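Let's take a friendly walk through this structure, beginning with the whole chain and ending with a few single residues. Keep the view open as you read.

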Amino acid sequence: MKFVCFDCERAYMLQERSNPFLCDCGGLLEVKHDFQKVDVVRLKLEFDKRLTERMSSWASGVWRYKELIYPEMPEAYITSRYEGNTGLYPSETLAQFAGVRKLMLKAQSENPSGSFKDNGMSVAVSHGRSLGYTRFTCTSTGNTSSSLAMYAAWAGCSSYVFLPRHHISMNKVLQTLAYGAQVISFEGTYDDGIRFSELHSEQLGLYVCNSINPFRIEGQKSIVFEIAQQLRWQMPDWIVVPGGALSNATALGKGLHELKELGFIDKLPRVAVVQAEGASPFHQLVAQGDVQLKPALNPYTRATAMNIGNPPSWKKALHYAILHTEGVTVSVTDEEIMLAKGMINRSGIGCEPASAASVAGLRKLAGAGIIDKECTVVCLLTGHILKDTEAIQEVYNGDRTSAAPTNPMLQTSNLTVEEVRPYIADRQ
Ligand SMILES: *Cc1c(COP(=O)(O)O)cnc(C)c1O
Ligand SMILES: [Zn+2]
């Protein structure tokens, strides 16, 4: 296992370049494994056997795949809340809504801190601890900080998180504070915070867990490993993922690439990356066939987790998710996102706004004939329904008519059968 620069291909030993993970040329580093000893048949059996574990690190939906993620990690540093292990739910209602034959939702919202960030953060914090760090930092639109704060607390370490003052969900700020993190709120965008932490963290003695941390990418590969194992290694035609900083799209693409190269799967699904219209520099790049990403200077979307104008991992995402899988990108409006969120909520799964971008994007791509209606599709749901309760409140206050709830709250003065009976009717 070593680091290789994604831009100039220079290789570094693991100890040589660990914080904040930039090559001398300024390029992002990525983890390259030595997979020569991987025995696919044996590992598939082993992965299945580990599903019966309850209390060891094999019970984690990330560390179960240790051989493909971080084989050298000593057990003593593994920092795990049994993350991953999330459901893959077929839904006929949502398939119909999106306009495809078969749709399954991978509910990463079921993670211990409520978002897919846990899959990567478990590995990043474990790595930081193996280097001797006890202070961790990140810049976040909210979920990364919740996740880091949780793992740092669990490891008996401290965390310092930089959160933009505006366009951020209060639930995520409160969750982060509740886990005991020091929250540093600043005037500016996510992109400003990223720049600050990358320049100054080493000097402050902080281990950086931003989305460019290559171990977060390694950990997030487990999402696609779980999907593959849950589907008995028979992959769907498409996997659809929301894109903000593009760590998830990168991890998805890299994980698929490695599964295919090693022979775990025969078929490489195509990847669709969905961005919100107000923060869609990656979609613009792909749609216009540009060679350089043009950052969105004033990004705005109601889906706060995707409110990112200058996604650091765009080159990796372009390589792994788009070029490598014949992937596509699409952008959706906030109204389309909120409409899909309403459908996902009422289907019984539920999610925060950014997650619903996957289903909204699928609906648009299927409507345009880019994703064939006969396809089998997996959509990633990235964050929990309670991650943004203001978004639910807005709907009830009537701020967003497109996602109007079917069940407005009813008021009764006396709780009697006579008063209540008229309200009990079949609802759709
Ligand atoms: C972080 C996040 C995203 C965006 O993922 P990236 O890896 O930054 O592209 C989408 N949805 C939710 C809920 C998130 O927390
Ligand atoms: Zn380089």
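Of the contacts in the chain with a separation of 6 or more, 70% are between residues 24 or more positions apart. Please keep in mind that this is a predicted model. Its secondary structure consists of 15 helices and 13 strands. The radius of gyration is 21 Å, close to the 22 Å that the globule rule gives for 428 residues, so the chain is as compact as a globular protein of that length. Along the principal axes, the C-alpha atoms fill a box of roughly 70 × 50 × 45 Å.

Of the 428 residues in the chain, 58% are buried.

In soluble globular proteins, nonpolar side chains tend to be buried together. Here, the largest nonpolar core has 77 residues, and the members that touch the most others are L68, Y70, F215, F264, V273 and F282. Helix α8, residues 214-230, gives this core its largest share, six residues. Another core, of 35 residues, lies apart from it and includes A95, A98, I337 and C375.

Not counting residues up to four places away in sequence, F282 touches several residues, among them L246, V273, W314, L318 and I322.

Next, find K316 in helix α11, which covers residues 314-323. Is this lysine buried or exposed? K316 has a relative accessibility of 3%, so it counts as buried, the cut-off being under 20%. Leaving aside neighbours within four places in sequence, K316 is in contact with F6, L28, L29, E30, T250 and A321. The C-alpha atoms of K316 and S247 are 8.6 Å apart, although 69 residues separate the two along the chain.

Finally, a look at the backbone. Most residues other than glycine have a negative phi. H167, which is not a glycine, has a positive phi of about 55 degrees. You will find H167 in the loop between β7 (158-164) and α6 (170-178), and with 44% relative accessibility it counts as partly exposed. E326 has a positive phi too, near 55 degrees. E326 sits in the loop between α11 and β12 (328-332), and at 56% relative accessibility it counts as exposed.

Technical notes
Residues are numbered from 1 along each chain as its sequence is written. Chains are lettered from A and ligands numbered from 1 in the order in which they are written. This is a predicted model: local features need pLDDT of at least 70, side-chain atom pairs count only at pLDDT 80 or more; totals for chains, interfaces and linings use all residues. Side-chain values use heavy atoms; hydrogens and water are left out. Helices (H or I, at least four residues) and strands (E, at least two) are DSSP runs, numbered from the N terminus. The radius of gyration is taken over C-alpha atoms; the globule rule is 2.2 Å times the number of residues to the power 0.38. Buried means under 20% relative accessible area, exposed over 50%, partly exposed in between (1.4 Å probe, protein chains only). Contact means heavy atoms within 4.5 Å. A nonpolar core is a set of buried Ala, Val, Leu, Ile, Met, Phe, Trp, Tyr and Cys residues joined through side-chain atoms within 4.5 Å.
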